[in-house]
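Please keep the sequence and the model open while reading.

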Amino acid sequence: MLPSLSLPPLTRAALALYSEASGDHNPIHVDVDFARAAGMPDVLAHGMLPMAWLGRLLTQWAPQRDLREFGVRFSAMTFVGERITCTGRVIDKQKRDGERVVKIEVKTTNEAGELKVVGDAWIALP
């Protein structure tokens, strides 16, 4: 089991900063009136933001240079105010392309335990 990464509640300010950093200025991420008109209860996180948090989880466990593959599937939207926890666990060990690697299952959940993002990564071992 990797050490979990617990994040503070998602804020509008964090989404605005991520919009600028990513270049994704879709108003559904920053404009509550737009989000509500689209049928959402509030603005929602960019899909790549929870993936970035999972990347942070992985690189706190292993150096970025050892990351060989990383992919995710989005299960549910992440909304302002949710407290997200990122977790990971080793699910496989192999030798690939001459190096020892482990497969890590990763996921994000909110404080209610709702699955938001799930994926996996291959990381080389020293």
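Asp 97 takes a positive phi near 50° in the hairpin of β3 and β4, a hairpin with two residues between the strands. The model is a predicted one.

**The β3–β4 pair**
- Strand β3 covers residues 85–96 and pairs with β4 in the antiparallel sense over 11 bridges.
- Within this pairing, Gly 88 has Val 106 of β4 as its bridge partner.

- Gly 113 sits in the loop between β4 (99–109) and β5.
- The relative accessible area of Gly 113 is 52%, and the cut-off for exposed is over 50%, so Gly 113 counts as exposed.
- Gly 113 and Ile 84 are 29 residues apart along the chain, and their C-alpha atoms are separated by 9.2 Å.

**The β2–β5 pair**
- β5 (residues 115–124) is joined to β2 by seven bridges, and the two strands run antiparallel.
- Gly 71 is placed opposite Asp 120 of β5.

**The sheet as a whole**
- The five strands make an open sheet with antiparallel pairing, in the order β1-β3-β4-β5-β2.
- β1 (5–6) and β2 (67–74) are the edge strands; each has a single partner strand, so one side of each is left without a neighbour in the sheet.
- As a general point, the strands of a sheet pair through backbone hydrogen bonds, either parallel or antiparallel.

**Helix α3**
- Helix α3 has 14 residues (residues 48–61) and should span 20 Å at 1.5 Å a residue; its end C-alpha atoms are 20 Å apart, which agrees.
- Its buried residues are Leu 49, Pro 50, Met 51, Trp 53, Leu 54, Gly 55, Leu 57 and Leu 58.
- In general, an α-helix has 3.6 residues a turn, so residues three or four places apart point the same way.

Key
Residues numbered from 1 in each chain as written. Predicted model: local features only at pLDDT ≥ 70, side-chain atom pairs only at ≥ 80, totals over all residues. Heavy atoms only, no water. Pairing = 2+ DSSP bridges. Helix = DSSP H or I, 4+ residues; strand = E, 2+ residues; numbered from the N terminus. Buried < 20%, exposed > 50% of the residue type's maximum accessible area, 1.4 Å probe, protein only. Expected span 1.5 Å × (residues − 1).
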